[in-house]
Amino acid sequence: MEVALTFAASGAKGVLFADLNYDGAARAAEQSKALAKHPAYRCQAAMLDVTDSRSVLDLADLAVQSFGRIDYFINAVGLLQVDCAEYVPFEQTQEDDYDRILNINAKGAFLLSQAVVNVMRSQDIHQIDVDRHGTISAGRGAIVNVSSAMAFGAVPAKAPYTASKHAMLGLTRACAMDCKPYDIRVNQVCPAWTKTKMHEDSCRKEPLTPMAVEKMAARHIPMETYEVASACLYLCSPAAVSITGTSLMMDCGLTIGPTF
Ligand SMILES: NC(=O)c1ccc[n+]([C@@H]2O[C@H](COP(=O)([O-])OP(=O)(O)OC[C@H]3O[C@@H](n4cnc5c(N)ncnc54)[C@H](O)[C@@H]3O)[C@@H](O)[C@H]2O)c1
């Protein structure tokens, strides 16, 4: 929800907070009212299950009914493991768990992006006034997927999550390519460990491997949520109108190479 709050605090006119946890979304929407900068700010909360295509389409409809258009869409849904506290070696990974994680992280991103693209492509181009640089075209919309450094690498005993984030990389690129003619930009941010509930859950248990992921995370990071939210904001901003199909790595250099 940090990303949505950041957009409200940065002057967005309207923000729709959506999550499987409706109460969490509603609480964040309420919180956003005190932070919002736009004088006519409006917000709404909705229940969303990204594994259900009807729920995803209903959300896109609700966004259009409530706000008229979708300029920016940030997909920060995610599931680390079936039980976040579990690290499961590859050979013991259950088919059901693999399907469930891919369904939420990868297929969910596909359904969400497709629903949003179908709204964005019918919209007029958004013109933005950038002071001394005049008015620029910001296209028909921008999508940012909150992916992971694990779109490019792996940590031990997290095969389904790693596969789901590699899928998100391909999806981001494919969507960016197909949406270029519509002036819709699609990018992803790739954080390593970030201080969220998911991170707390993940660190509760040492992995069943020689490598201590928690210690590695503590040495390199973890990042604050505002860093990830700010990166999403940047990719939606006029400063990024030429950027599409890219992955913004945010890992304190962890994936530069083995000698880091
Ligand atoms: N926290 C980290 O260390 C970290 C690192 C890299 C990437 N990420 C990515 O950041 C994104 C956000 O994760 P987070 O750390 O904020 O975790 P989080 O658990 O705080 O948030 C994930 C949200 O996804 C929602 N969700 C789960 N299943 C859903 C479904 N079927 N439909 C709709 N919503 C659903 C949950 O209710 C939750 O609010 C994820 O994509 C995650 O993979 C997190």
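How many salt bridges does the count come to by this rule? I took the rule as a side-chain nitrogen of Lys or Arg within 4 Å of a carboxyl oxygen of Asp or Glu. The count comes to four salt bridges.

**Entry 1: ground rules**

I am working from a predicted model, where local features need pLDDT of at least 70 and side-chain atom pairs count only at pLDDT 80 or more, while totals for chains, interfaces and linings use all residues. Residues are numbered from 1 along each chain as its sequence is written, and side-chain values use heavy atoms, with hydrogens and water left out.

**Entry 2: the chain as a whole**

I looked up the secondary structure and found eight helices and eight strands. Helices (H or I, at least four residues) and strands (E, at least two) are DSSP runs, numbered from the N terminus.

Next I looked up burial. Of the 260 residues in the chain, 45% are buried. Buried means under 20% relative accessible area, exposed means over 50%, and partly exposed lies in between (1.4 Å probe, protein chains only).

The accessible surface of the chain comes to about 13,200 Å², and 54% of this belongs to carbon and sulfur atoms. These areas come from the Shrake-Rupley method with a 1.4 Å probe; for residues, only the protein chains shown count as cover.

I also checked contacts, meaning heavy atoms within 4.5 Å. Among contacts between residues at least 6 apart in sequence, 72% join residues at least 24 apart.

I traced an open sheet of four strands with the order 3-6-7-8 and parallel pairing. Strand 3 (72–75) and strand 8 (247–250) are the edge strands, each pairing on one side only. From one strand to the next, the twist averages 15°. Two strands pair if DSSP finds at least two bridges between them. Strands of a sheet pair through backbone hydrogen bonds, either parallel or antiparallel.

I then went along the sheet pair by pair. Strand 3 and strand 6 run parallel and are joined by four bridges. Strand 6 pairs with strand 7 in the parallel sense over six bridges. Strand 7 (residues 184–191) pairs with strand 8, also in the parallel sense, over four bridges.

Proline 191 has methionine 250 in strand 8 as its bridge partner.

**Entry 3: strand 6 and what lies across it**

Is strand 6 enclosed or open? Six of its six residues are buried, so strand 6 is largely enclosed by the rest of the structure. Gly141, Ile143 and Asn145 point one way, Ala142, Val144 and Val146 point the other way, and all are buried.

I looked for a helix over this part and found helix 4 (residues 95–120), which lies across strand 3, strand 6 (141–146) and strand 7. Helix 4 runs at about 170° to strand 6. For this angle, axes are lines fitted to C-alpha atoms, for helices over the stretch in contact, and angles run from 0 to 180 degrees between N-to-C directions.

Leucine 233 is in helix 8, and its C-alpha atom is separated by 9.0 Å from that of valine 144, 89 residues apart along the chain. Leucine 233 counts as partly exposed at 25% relative accessibility. Not counting residues up to four places away in sequence, leucine 233 touches Thr6, Phe7 and Ser10.

**Entry 4: salt bridges, one by one**

- Aspartate 58 and arginine 54 meet through their side chains at 3.1 Å, N to O. Both lie in helix 3, four residues apart, about one turn of the helix. Aspartate 58 is partly exposed at 39% relative accessibility, and arginine 54 is partly exposed at 46%.
- Arginine 69 and aspartate 71 meet at 2.7 Å, N to O. Arginine 69 is partly exposed at 25% relative accessibility.
- Lysine 195 and glutamate 224 have their closest N and O atoms 2.6 Å apart. Lysine 195 lies in the loop between strand 7 and helix 6 (197–203) and glutamate 224 in the loop between helix 7 (213–220) and helix 8 (225–236), so the pair ties together parts 29 residues apart in sequence. Lysine 195 is partly exposed at 45%, as is glutamate 224 at 30%.
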